[in-house]
Amino acid sequence: MTVLSDGSIIVMVGTARGGFIFSSGPDRSDWTMSGPTHRGSQVYHLILDERDGQMYAAVNNIFYGPEINRSSDMGKTWSESAEEPRFKQDSGETLEAMWNIAPGRPEEPGVLYAGAAPASLWKTTDSGETWTEIKSLGEHHSRPEWEGGAGGLCLHTILLDPERPGRMYAGISSVGLFRTDDGGESWQLNSKGTEPAIPPRIDENGGRCVHKAVLDPSNPEIVFQQSHRGTYRSRDGGLTWDDIGRDLPSTFGFPMVNHPRRPGKLYTVLMDSDEFRSAAEGRVAVWITDDAGDSWRASTEGLPQRDAYTGVLREAMSVDGADPLGVYFGTTGGALYFSRDEGENWELMADNLPRILSVEARVLG
């Protein structure tokens, strides 16, 4: 792999046949690819912990099962956890897949969280050597009615409030976006203003199929959600939600990312519908809002506008944090696109990759 310097850009891509790592200088003009890592395994999530430079992979192998692997050399070599996330033998449950990995707060060295299927939240305090389940979430009173979506009953979104140490969010399909204010001791499920995907039976707030959620960079009380039934905004930490998708051509989409320095600027990619999970009319577009969802515009320059029947999954979109901001997304057809001007124009970085499951971009140094 190319030796990287401060200011370099790294793009980590998880696919259905392993992980790929792309790197470039700060100008993002010449990309070098390494990989695949974890050949033959599905890499649901590949991420860099900026606190210590460790890289983590959520790996799912048809023979060996789900694992969380760690690399200390930017993806050249990988090691398994000494104690992988696993349910106790007498629990009656079997871990099916690892979905998402989220580093802890800056003041929590060695702490990371992971989401899995069936829906469960895991925590490590030793940089991934051992994992324990945060059982309180699975003990929520609504648990008997949890039902999975097309991707199964998975916990895929983990958000840490940067201002409130006890608050975090966990998104489960097809259940909803949970919030804790006491570090995981208890959880609340709130969805007032959102449309259910599955009629709830036990908890009126259940049956919501959240696809992705992000926190506003200037005010974490503002939460945005891309879901099965629409695009929503909350101004009170997820207690109530407003529909902000009226200017969008579809209520169905998976990814959502926000600009780290411009509050209210968000990016998403939509699909035609639940029944036809592909770009509408074969035209790929990134939808951008500059005013927290009050209005949206389509960005298509450089993207295929004919016969491109492909989709973008929930983890397959990212921003790098550079200035100007780089925006990235990968498709189910194996194409990886990037923009070096904050989403106004797009270029093809790589094609003919396996089905892209996740994209994470970072500036080094």
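Biologist: Hi! How do strand 24 and strand 25 pair, and over how many bridges?
Modeller: Strand 24, residues 317–319, pairs with strand 25 in the antiparallel sense, over 3 bridges. Keep in mind that this is a predicted model.

Biologist: Thanks! Which residue stands opposite Val327 of strand 25?
Modeller: That would be Val319.

Biologist: And what joins strand 25 to strand 26?
Modeller: There are 4 bridges between them, and the two strands run antiparallel. Strand 26 covers residues 336–339. In this pairing, Gly330 stands opposite Leu336.

Biologist: How many residues sit between the strands in that hairpin?
Modeller: The hairpin of strand 25 and strand 26 has 5 residues between the strands, and Gly334 takes a positive phi near 90° there.

Biologist: Back to strand 25 itself: are its faces covered or open?
Modeller: Both faces are covered. In a regular strand, side chains alternate between the two faces of the sheet. Here, Val327 and Phe329 lie on one side, with Tyr328 and Gly330 on the other, and all of them are buried.

Biologist: New topic! How many disulfides are there in the whole structure?
Modeller: The search finds 0.

Biologist: Is Cys154 buried or exposed? And what about Cys209, buried or exposed?
Modeller: Cys154 is buried, at 1% relative accessibility. Cys209 is buried too, with a relative accessible area of 7%.

Methods. Residues are numbered from 1 along each chain as its sequence is written. This is a predicted model: local features need pLDDT of at least 70, side-chain atom pairs count only at pLDDT 80 or more; totals for chains, interfaces and linings use all residues. Side-chain values use heavy atoms; hydrogens and water are left out. Buried means under 20% relative accessible area, exposed over 50%, partly exposed in between (1.4 Å probe, protein chains only). Two strands pair if DSSP finds at least two bridges between them. A disulfide is a pair of cysteine sulfur atoms within 2.5 Å.
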